[in-house]
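Biologist: I'd like to learn how to read a structure like this one. Could you take me through it, starting with the pockets?

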Amino acid sequence: MPTLYYTPESRATRIIAQLMMMGKLDEIKVVNVAVVKADGSGHADSNNPHPEGKVPYLITDDGEHIRESAAIMMYLDELYGSGLSILAGQKGRGAFLSWMTYYCGVLEPAMVAHFAQIDHPMIVTSVRTMKEVGEHITSGLADKPFLLGDKITVADLIMASAFQWAPHLTPDYDNVKAWLKRVSDAINGEALQAYEARAKDALMAA
């Protein structure tokens, strides 16, 4: 079965949330590893094959190594046919790919720059800021329940995960707040928190 390298309270948490939504968590081998966190806590883990010691990291049944959340989330949905993606040839495929890569190319860099208190013209012109991120999400949503319309996709999961992790950065728009609630309601938050708590205890005991 595919192997997912994961640590609790990290970017890999959204992969666990996705697998729970798909009902496929028991079809993945999850390896709980330590990572070095931004505050300096944690440590490099020799059990983690990620070349930079990060998570998530997925090794497929064919031995292919997949890194980056967006790639892993799309791969898993397409592998299991769970309907959380817009596939090639389907209406909305371009918008779906745009949101998935927007998270990686704009939202997360803008959020990191915000936390690092970096205010530089190069950041503003090439990446933009959280202000532009909020404006893009609210205009992209408009009056739709989810980013791609009536259907929740992994684009919603990955985009919303940033604000589930840092709720104080949630854009101050009613449609964005309503969207985040819909995404949260679609995730079994209680089960996810319980899973993370057990994983955290296991890491501390190791």
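Biologist: How do the residues of the lining of the largest pocket divide into nonpolar, polar and charged?

Modeller: Bear in mind that this is a predicted model. To read a lining, sort its residues by class. Here the largest pocket has 18 nonpolar, 11 polar and 11 charged residues in its lining. The pocket itself holds about 1400 Å³ of space.

Biologist: Which residues lie nearest the centre of the largest pocket?

Modeller: Out of the 40 lining residues, those nearest the centre are Glu 9, Ser 10, Arg 11, Arg 14 and Trp 165.

Biologist: And which helix gives the most to that lining?

Modeller: That's H3, which supplies seven residues. At least two lining residues come from each of helix H1 (13–22), helix H2 (69–80), H3, helix H6 (154–165) and helix H8 (189–205).

Biologist: What volume does the second largest pocket have?

Modeller: About 290 Å³. It is lined by 15 residues, and Thr 7, Ala 34, His 43, Leu 203 and Met 204 sit closest to its centre. Sorted by class, the lining of this second pocket comes out as six nonpolar, five polar and four charged residues.

Biologist: Let's turn to the core. Which residues of the largest nonpolar core touch the most other members?

Modeller: For a core, you look for the members with the most contacts inside it. Among the 62 residues of this one, Leu 107, Ile 137, Met 159 and Trp 179 come out on top. Helix H3 (residues 93–115) provides the largest share of the core, nine residues.

Biologist: Take one of those. What does Met 159 touch?

Modeller: Leaving aside residues up to four places away in sequence, Met 159 is in contact with Trp 99, Tyr 102, Tyr 103, Leu 107, Ile 137, Leu 147 and Trp 179.

Biologist: Some of those are aromatic. How many aromatic pairs are found in the whole structure?

Modeller: Three. A pair of aromatic rings is described by two things, the distance of the centres and the angle of the planes. For Trp 99 and Tyr 102, the centres are 5.8 Å apart and the planes make an angle of 80°, an edge-to-face pair. Both residues belong to helix H3 and are three residues apart, about one turn of the helix.

Biologist: Now the backbone. Where is there a cis peptide bond?

Modeller: For this feature, you check omega. The bond joining Val 55 and Pro 56 is cis, with omega about 0°. Pro 56 belongs to the loop between strand E2 (29–32) and strand E3 (57–59).

Biologist: What is the phi of Glu 68, and where does Glu 68 lie?

Modeller: Glu 68 has a positive phi of about 80°, even though it is not a glycine. You'll find Glu 68 in the loop between strand E4 (65–67) and H2. Its relative accessible area is 45%, so Glu 68 is partly exposed.

Biologist: And what is the phi of Arg 128?

Modeller: About 85°, a positive value in a residue that is not a glycine. Arg 128 has its place in the loop between helix H4 (121–126) and helix H5 (130–141). With 40% relative accessibility, Arg 128 counts as partly exposed.

Definitions and conventions
Residues are numbered from 1 along each chain as its sequence is written. This is a predicted model: local features need pLDDT of at least 70, side-chain atom pairs count only at pLDDT 80 or more; totals for chains, interfaces and linings use all residues. Side-chain values use heavy atoms; hydrogens and water are left out. A nonpolar core is a set of buried Ala, Val, Leu, Ile, Met, Phe, Trp, Tyr and Cys residues joined through side-chain atoms within 4.5 Å. Buried means under 20% relative accessible area, exposed over 50%, partly exposed in between (1.4 Å probe, protein chains only). Helices (H or I, at least four residues) and strands (E, at least two) are DSSP runs, numbered from the N terminus. Contact means heavy atoms within 4.5 Å. Rings of Phe, Tyr and Trp (its six-membered ring) pair if their centres lie within 6.5 Å; planes under 30 degrees apart count as stacked, over 60 as edge-to-face and the rest as tilted. On a 1 Å grid over the protein atoms alone, a cavity is a set of points where a 1.4 Å probe fits but cannot get out, and a pocket is an open set with protein on both sides within 12 Å along at least five of seven lines; lining residues have an atom within 4 Å of a point. Grid points are joined across faces, edges and corners, and a volume is the space filled by probe spheres set on the points. Ala, Val, Leu, Ile, Met, Phe, Trp, Tyr, Cys and Pro count as nonpolar, Asp, Glu, Lys and Arg as charged, and the others, Gly among them, as polar.
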